Amino acid sequence: QVRLVESGGGLVQAGGSVRLSCTASGRTFRNYAMGWFRQAPGKEREFVAAISGSGTSTYYADSTKGRFTISRDNAKNTVYLQMNGLKPEDTAVYLCATGFTTATMARGTCDYWGQGTQVTVSS
């Protein structure tokens, strides 16, 4: 069993930046892909970004390319999501997850989920 705990969410002004963290336990961290999803009030869950186990390959949703960066530190069992140029429409609960590949995660197929952290972007 894999346990994921997100942190780093909060209130930020439009145009600002925030870095989310997700720390994993229960399995060798580097052996699985990791990704981030978000869910805004009244909307379905949306894929944001994913990264391979080695950290060498990434996959981004079109809506976040050029603004968000996913990375991982396998020594710390942690994956990060750096979010720059935030917009009010980025407001959502952000969840991290594990998966087989970045491609399968982009389609919403994941094995384990964290509980999420709230990010609110003010106008």
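This is a predicted model: local features need pLDDT of at least 70, side-chain atom pairs count only at pLDDT 80 or more; totals for chains, interfaces and linings use all residues.

User: Which residues is Leu20 in contact with, leaving aside its neighbours within four places in sequence?

Analyst: Away from its sequence neighbours, Leu20 is in contact with Ser7, Gly8, Gly9, Trp36, Val79, Tyr80, Leu81, Met83, Tyr94, Thr117 and Val119.

User: Why is strand 4 described as largely enclosed by the rest of the structure?

Analyst: Let's start with its partners: strand 4 pairs with strand 9 (residues 92–99) in the antiparallel sense over 7 bridges, and 5 bridges join strand 4 to strand 5 (residues 46–51), also antiparallel. Buried here means under 20% relative accessible area. Strand 4 (residues 33–39) is largely enclosed because the number of its 7 residues that are buried is 6.

User: Which residue in strand 9 is the bridge partner of Gly35?

Analyst: Strand 4 and strand 9 run antiparallel to each other. Within strand 9, Gly35 has as its bridge partner Ala97.

User: In the hairpin of strand 4 and strand 5, which residue takes a positive phi?

Analyst: On the strands themselves, Arg38 has Glu46 of strand 5 as its bridge partner. The hairpin has 6 residues between the strands, and the positive phi there, near 75°, belongs to Gly42.

User: What kind of aromatic pair do Phe37 and Phe47 form?

Analyst: Both Phe37 and Phe47 are buried, and the pair links strand 4 to strand 5 across 10 residues of the chain. Their centres are 5.5 Å apart and their planes make an angle of 75°. Planes over 60 degrees apart count as edge-to-face, so the Phe37 and Phe47 pair is edge-to-face.

User: Which charged residue sits over the ring of Trp113?

Analyst: Trp113 belongs to one aromatic cluster with Phe37, Phe47 and Tyr59. The charged end over its ring, 4.2 Å from the centre, is that of Arg45.

Notes. Residues are numbered from 1 along each chain as its sequence is written. Side-chain values use heavy atoms; hydrogens and water are left out. Buried means under 20% relative accessible area, exposed over 50%, partly exposed in between (1.4 Å probe, protein chains only). Helices (H or I, at least four residues) and strands (E, at least two) are DSSP runs, numbered from the N terminus. Two strands pair if DSSP finds at least two bridges between them. Contact means heavy atoms within 4.5 Å. Rings of Phe, Tyr and Trp (its six-membered ring) pair if their centres lie within 6.5 Å; planes under 30 degrees apart count as stacked, over 60 as edge-to-face and the rest as tilted. A charge sits over a ring if NZ of Lys or CZ of Arg is within 6 Å of the ring centre and within 35 degrees of the ring normal.
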